Amino acid sequence: MSDHAEDLIRLLNDSAISRTLQKAVFSSPRKKNIEIERVNVRPVEVKGQWMLQFSSQTATQQLHQNYSESEAAAELVRLTKEDFRNARLTTIDAVYEGRMSRKGKFFLRKEDRKESAEQSPVQPSAVSHNRTKNYLIPEGVPCPFLIHTGVMTKDGAVRASHSKKFGQINRFLEFINDVIDLLPTDRQIRVVDFGCGKSYLTFATHYLLTEVLKRDCEIIGLDRRNDVVQTCSRIAADLQLSNLTFSVGDIAGFESSAAIDMVISLHACDTATDEALTQAVRWNAPVVLAVPCCQHELNEILTSTALPPLTNYGLARERFASLATDTMRAALMNAAGYQTQILEFIDMEHTPKNILLRSVRRNDRTAEDVAQKSLAEVTSLRAQLGVPPLTLERRLLEINALPDSSPGNLSSGVPSADSTSKLTEGIAERSGIES
């Protein structure tokens, strides 16, 4: 191994033992058939003990494992030596990027952090496994946009009536922070928030990128309601937030003159989520984060004979339809060239709308095989349920984003004419946005 590789290994080992590691990301697997495609590492506190949490991402799920300092140091070294070509390490005083060349040698780049002089080694109290103690926007520190939107008081205290919203905001920011390395570093990051509503998330994303991560970004929030857009525009003007704008319009009709790097959508109602996903695919957006809301489309056309006894009972059918819809959405995004995961957005005790779809654009050679397999699975599921293609599949077929857009794909699993008519009725009525 090269001298730079030895330097990187020493840095990883020392940062784990000294508890100065704040974040580590391993990407670009060395072997084509490796199941784990990315590993994120961060400090946590578990039962009073400082540990490092390793979040391993496969094509369909995210696995977590906690290690003590010495165990973590060994695992960090192993990941570098055996599994991944790229490693990004953030400590209290610098950011290090290690990349392995085709000849197997590591090159290491260091970037000093300006705020390091005021920082100290991470203490257990600052990395509690309880997320309320490890927020990217911490409680107790006044945050201008949260004060203006009523989430915080002027002294930084979170209002009791907005505690759940505060948790949702920070949880979503964690997902954005996890994929920040996939966004451009050589130009301005461009983000669109579809169905922004009162725009808690839009403001939070702008704050994370500009104030916390010190990245140049342009964010557009889109909503159908003129009153909320006016309110959000006024807040942005009052806070003098640059490159943050809000517009009135429909998701399906929105156009962008520049490349979009990330599409986010929080609780876009019913098929509005499908329109947001379609736009992201049409733009080839590298990252898509969507939390679906109420979902009626599949539930309204499922018959009690589709999967008895699961579909015999109204409540069970409704929940099954919601889960099946999101599962097909994830598979269709895979078929459109993405790697998609279905993740828990926030605890069920806070909101039942707790599924997040995280899609990252694929660039590997296996994308075509994955696309074919994913589309076949959706077609098979629809056939079992006796339903036609839902909104997302139809939209992706319209823009030729699926591997097989032949008419035969539309006909599989088509129910009776009455059911099809019921599906098409009221789609326009259900394309609204929920705040």
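Reader: Let's start with one side chain: is arginine 282 buried, partly exposed or exposed?

Author: Burial is read from relative accessible area: buried means under 20%, exposed means over 50%, and partly exposed is in between, using a 1.4 Å probe and protein chains only. Arginine 282 comes out at 34% relative accessibility, so it counts as partly exposed. Before we go on, this is a predicted model, where local features need pLDDT of at least 70, side-chain atom pairs count only at pLDDT 80 or more, and totals for chains, interfaces and linings use all residues. Residues are numbered from 1 along each chain as its sequence is written, and side-chain values use heavy atoms, with hydrogens and water left out.

Reader: Where does arginine 282 lie, and which residues is it in contact with beyond its sequence neighbours?

Author: Arginine 282 lies in helix H7. Contact means heavy atoms within 4.5 Å. Leaving aside neighbours within four places in sequence, arginine 282 is in contact with Phe254, Glu255 and Ile399.

Reader: Which side chain does arginine 282 join through a polar contact?

Author: A polar contact is a pair of N or O atoms within 3.5 Å; within protein, one must be able to donate a hydrogen and the other to accept it, and residues adjacent in sequence count only if both atoms are side-chain atoms. For arginine 282, the partner is the side chain of glutamine 279, at 2.7 Å.

Reader: Now helix packing. How do H7 and H11 cross?

Author: Two packed helices are described by the angle between their axes and the distance between the axes. The axes are lines fitted to C-alpha atoms, for helices over the stretch in contact, and the angles run from 0 to 180 degrees between N-to-C directions. Helix H7 (residues 272–283) and helix H11 (residues 391–398) have axes that come within 9 Å and cross at roughly 25 degrees. Angles under 35 degrees count as roughly parallel, over 145 as roughly antiparallel, 65 to 115 as roughly perpendicular and the rest as oblique. H7 and H11 are therefore roughly parallel to each other.

Reader: How many aromatic pairs turn up in the whole structure?

Author: Rings of Phe, Tyr and Trp (its six-membered ring) pair if their centres lie within 6.5 Å; planes under 30 degrees apart count as stacked, over 60 as edge-to-face and the rest as tilted. A search of the whole structure finds nine such pairs. One of them is stacked: phenylalanine 145 and phenylalanine 203, 6.1 Å centre to centre with 20 degrees between the planes. Phenylalanine 145 lies in helix H3 (residues 144–148) and phenylalanine 203 in helix H5 (residues 200–212), so the pair ties together parts that are 58 residues apart in sequence. Phenylalanine 145 has 3% relative accessibility and counts as buried; phenylalanine 203 is buried too, at 2%.

Reader: Which cluster do ring pairs link phenylalanine 203 into?

Author: Phenylalanine 203 also forms a tilted pair with phenylalanine 246, 5.4 Å centre to centre and 45 degrees between the planes. That pair links helix H5 to strand E10 (residues 244–248), 43 residues apart. Altogether, ring pairs link Phe145, Phe203, Tyr207 and Phe246 into a cluster.

Reader: Zooming out, how many helices and strands does the chain have?

Author: The chain comes to 13 helices and 14 strands, and buried residues make up 51% of its 435 residues.

Note on methods: Helix = DSSP H or I, 4+ residues; strand = E, 2+ residues; numbered from the N terminus.
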